[in-house]
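Please keep both open as you go through the points.

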Amino acid sequence: DAMEKGTITFDLLNKGKGYASNMKVTATSLTSGKNIDYIDTIILKKLDSKSSETINIPISADINVKTENREFKIDITEHFGFDADPAVISFTTTAFVPSNLQIEKIIVDDDEDGDSFGNGNGIIELGESIEVVVVFKNSGGDAQNVQAEVLFLQTNNNLTYPDDGKVYNLGSIASGESKEMSFYFFTNKR
């Protein structure tokens, strides 16, 4: 997927009776797609008879990778000409899907539980402590390191928000997931 790293991993087995030396493992993209970065050459000095070596080829996709099938050819040459048969692997890359965070619901709580204190009618009135629960929904791709801040757009001396400037860390919100946060403020009797 876009912005992810992975590894093409396989075991190279020497079935012969002698050792293999100066092996060159070459990965070649057979598809024309861009935005993939990978190590194209790995050198192995020696592989003893009847032994194996795990080969790891790091690969990553940038943010502009497209959704498409990718094919890579793996060639392995050996110093004495005992080359391995080429292998082809394929996998699909997936384009970046931006998150789409929306406020799904806002609940005004003025009962006498938690941080709220009032008459419980759900209306912000004089002399109440109001707890507000905000439910966020992500209808896009996965969102990571989500943060929220409550900003009062008008100054009102009769309203106090004790957590002014606080940043709420909501963590990750997966595609289709909802997450809530709550904050409180209070009104005086004016």
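In this predicted model, L159 stands opposite T187 in β13. β11 pairs with strand β13 (residues 178-187) in the antiparallel sense over two bridges; strands count as paired if DSSP finds at least two bridges between them. Strands (E, at least two residues) and helices (H or I, at least four residues) are DSSP runs, numbered from the N terminus.

Two notes on conventions come next. Residues are numbered from 1 along each chain as its sequence is written, and side-chain values use heavy atoms, with hydrogens and water left out. As the model is predicted, local features need pLDDT of at least 70 and side-chain atom pairs count only at pLDDT 80 or more, while totals for chains, interfaces and linings use all residues.

**The sheet around β11**

- The pairing of β11 with β13 belongs to an open sheet of four strands, with the order β8-β9-β13-β11 and antiparallel pairing.
- β8 (101-109) and β11 (159-160) stand at the edges, each with a single partner strand, so one side of each has no neighbour in the sheet.

- R70 is found in strand β6.
- At 1% relative accessibility, R70 counts as buried; the classes are buried under 20% relative accessible area, exposed over 50%, and partly exposed in between (1.4 Å probe, protein chains only).
- The backbone oxygen of K34 is reached by the side chain of R70 at 3.1 Å.
- The side chains of R70 and E68 are joined by a polar contact of 3.1 Å. That term means a pair of N or O atoms within 3.5 Å; within protein, one must be able to donate a hydrogen and the other to accept it, and residues adjacent in sequence count only if both atoms are side-chain atoms.
- Leaving out residues up to four places away in sequence, R70 touches T31, G33, K34, I36, V65, I89, S90, F91 and T93, where contact means heavy atoms within 4.5 Å.

**Salt bridges**

- Side chains of opposite charge can pair when their charged atoms come close.
- With a salt bridge taken as a side-chain nitrogen of Lys or Arg within 4 Å of a carboxyl oxygen of Asp or Glu, the count comes to three.
- E68 and R70 meet in one of them, at 3.1 Å from N to O; E68 is partly exposed at 28%, whereas R70 is buried at 1%.
- K73 forms a salt bridge with D75, with the closest N and O atoms 3.8 Å apart. K73 is partly exposed at 30%, and D75 is partly exposed at 21%.
- K46 forms a salt bridge with D48, with the closest N and O atoms 3.8 Å apart, and D48 is partly exposed at 44%.

**Positive phi in loops**

- Most residues other than glycine have a negative phi.
- N35 is not a glycine, yet it has a positive phi of about 70 degrees. N35 is in the loop between β2 (20-29) and β3 (36-38) and is partly exposed at 26%.
- K50, also not a glycine, has a positive phi of about 60 degrees. K50 lies in the loop between β4 (41-47) and β5 (51-61) and is exposed at 59%.

**F82**

- F82 is found in the loop between β6 (68-77) and β7 (84-93).
- The relative accessible area of F82 is 68%, which means exposed.
- F82 and I103 are 21 residues apart along the chain, and their C-alpha atoms are separated by 63 Å.
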